[in-house]
Amino acid sequence: MHYSARLTLHPAFTVGEVNPRLFGSFVEHLGRCVYTGLYEPGHPAADEKGLRTDVLDLVRELGPTAIRYPGGNFVSGFRWEDSVGPVEDRPRRLDLAWKSTESNRFGLAEFIDFVRKAGPEAEPMMAVNLGTRGVTEAIELQEYANHPAGTELSERRRAHGDKDPYGIRLWCLGNEMDGPWQTGHKTAEEYGRLAAETARAMRQIDPDVELVACGSSGSGMETFAEWEATVLAATYDLVDYVSLHAYYWEKDGDRDSFLASAVDMESFIEKVVATCDHVGAKLKSEKKIDLSFDEWNVWYMDKPNPHEVAEWEEAPRLLEDVYSVTDAVVFGSLLIALLRHADRVKVACLAQLVNVIAPIMTEPGGPAWRQTTFFPFAQAAKYGRGTVLDVRVDSPAFETKKYGTTDVLHATAVANGEDGSVTLFAVNRHRTEPLPLEVVLADFDGLELAEHLVLADGDQDARNTLEDQERVRPHEGAGTSLEGAALTAVLEPCSWNMIRLV
Ligand code: AHR
């Protein structure tokens, strides 16, 4: 057989609209995400509030929308009152999740200030602590943050300097409560009950808040699916989303399986959709629960930390993965998986934003730079807007140990109804073979090729580092052409591609 792939697109065959929140991210009080990451008073680029403007510039270029905060595992021990008011009065606390010391110099007001500067579409996605705390603290935080004035808590916010409410719409009801590592870990029944009570109370303050119930912290959890079914049975009418978390990394040198990681992500999404709809059917409800994939990334979680870290250190170097070209290609494929399920995945958060398994790295007192994963995210967040097309993929296959026979081509396309453009996102998962691609653009008239950007490299392990911050950059694809309704391109081995037609 001739080795090539074909994609067929038609404007009538669609998956659904992309919710801008699909391009969310995550800021946790973990390692150096906040301190010496996005916040570093005294840094030459810090603004009057201590935010690093060099990081803010990169964040705006990256384009995250919903920004989840303050955890993560951290939130399950978080006392929100510690994080507001005069900085000099804020207590230092043990952070049990990451065995660090939390100074609380950066807190809720500073986070809201950061979000307001993080770009026109950035919005806060706030998690409440359902580990060591409960309903009372959640509604008190909501009142402090969102109530305009005239109550003790809203007046406290105003006295702290923020006259206007923060208007936080999107809330997570805890974090990974199914995980035994979670402070205050619960059974599905215990969590379902607490999440329902918290959701009911939060809706008494504001019926329009959008609430995310914790799903499983991974599809490999023993309680997976049963957890979702039990939690949703208790919360179905009270919440809008259930969360999913997934991290991928190359295990035992099995790069082919790693390159096919999105197979697992897509199957995870489909199983959670099926579980949600099963619960809905049992409850005879017409309501659909959507998915909040609020932690996803490549993360080498089993690699020893190359940095020496003392117990209870403040802002230690934790989870500072340095991403290769291959990691970025897998990362891009995960983005494609999310887009391909845009009908039900309405929120997704790249975990995390700065320094901690992040697209942006910083040095204290030094520069900020883009990791390889920065590029697929920035491109998709900018151009993956509109309607996802239900593309027909005809691809050669390759064998993987974990996922069996897998398509070499992983792709999606988004049609933008506003400007008439069509953007293709495609990954060639093959490590050594270039992939000739033909795209049939049935019934799309008058399109012209605007650009073909590629992330690939002769050295698939190449990375951007402090010493060589620009080592990996996207380049233009060679030989791509559009004639009539037929686009042809050759996708480099192990590559992420964005092809824009306008
Ligand atoms: O993103 C890092 C950690 O991964 C988060 O704190 C936790 O929710 C997940 O296990």
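Two residues are in contact when heavy atoms lie within 4.5 Å. On that basis, in this predicted model, 43 residues of domain 1 touch 38 residues of domain 2.

## Domains and their interface

The domain assignment divides the chain into domain 1, made of residues 5-11 + 389-501, and domain 2, residues 19-383. Taken over C-alpha atoms, the centres of the two domains are 29 Å apart. Between them, domain 1 and domain 2 bury about 3,400 Å², and 64% of this area is on carbon and sulfur atoms. On the side of domain 1, the residues that lose the most area to domain 2 are Tyr 403, His 410 and Trp 496, which together account for 19% of what that side buries.

Polar interactions also cross this interface. Three salt bridges are counted between domain 1 and domain 2, and 13 residue pairs are in polar contact across the interface, both residues being at pLDDT 80 or more. Several strands supply at least two residues each to the side of domain 1 that touches domain 2: S18 (397-400), S20 (409-415), S21 (422-428), S23 (449-455) and S27 (495-501). The largest share of that side comes from S21, with five residues.

## Strand S22 and its partners

Strand S22 spans residues 435-441, and five of its seven residues are buried, so the strand is largely enclosed by the rest of the structure. S22 pairs with two strands described here. Strand S1 (residues 5-9) runs parallel to S22 and is joined to it by five bridges; within this pairing, Leu 9 has Leu 441 of S22 as its bridge partner. Strand S26 (residues 486-491) pairs with S22 in the antiparallel sense over six bridges.

## Salt bridges

In total, the count comes to 38 salt bridges.

| Residue pair | N to O distance |
|---|---|
| Arg 52 and Glu 40 | 2.9 Å |
| Glu 197 and Arg 193 | 3.1 Å |
| Asp 256 and Arg 431 | 2.9 Å |
| Asp 461 and Arg 255 | 2.9 Å |

The salt bridge between Arg 52 and Glu 40 has its N and O atoms 2.9 Å apart. Both residues lie in the loop between strand S3 (24-26) and helix H1 (53-62), so the pair ties together parts that are 12 residues apart in sequence. Arg 52 has a relative accessible area of 0% and is therefore buried. Glu 40 also counts as buried, at 11%, because the cut-off for buried is under 20%.

Glu 197 is partly exposed at 28% relative accessibility, whereas Arg 193 is exposed at 56%.

Asp 256 and Arg 431 meet through their side chains in a salt bridge. This pair links distant parts of the chain: Asp 256 belongs to helix H7 (residues 255-259), and Arg 431 to the loop between S21 and S22, 175 residues apart. Asp 256 is partly exposed, with a relative accessible area of 21%, and Arg 431 is partly exposed at 36%. Elsewhere, salt bridges with shared partners join Arg 32, Arg 317, Glu 320 and Glu 363 into one network.

Definitions and conventions:
Residues are numbered from 1 along each chain as its sequence is written. This is a predicted model: local features need pLDDT of at least 70, side-chain atom pairs count only at pLDDT 80 or more; totals for chains, interfaces and linings use all residues. Side-chain values use heavy atoms; hydrogens and water are left out. Buried means under 20% relative accessible area, exposed over 50%, partly exposed in between (1.4 Å probe, protein chains only). Helices (H or I, at least four residues) and strands (E, at least two) are DSSP runs, numbered from the N terminus. Two strands pair if DSSP finds at least two bridges between them. Domain bounds come from an automatic or database domain assignment. Buried area is the accessible area (1.4 Å probe) that two parts lose on being put together, summed over both. A salt bridge is a side-chain nitrogen of Lys or Arg within 4 Å of a carboxyl oxygen of Asp or Glu. A polar contact is a pair of N or O atoms within 3.5 Å; within protein, one must be able to donate a hydrogen and the other to accept it, and residues adjacent in sequence count only if both atoms are side-chain atoms.
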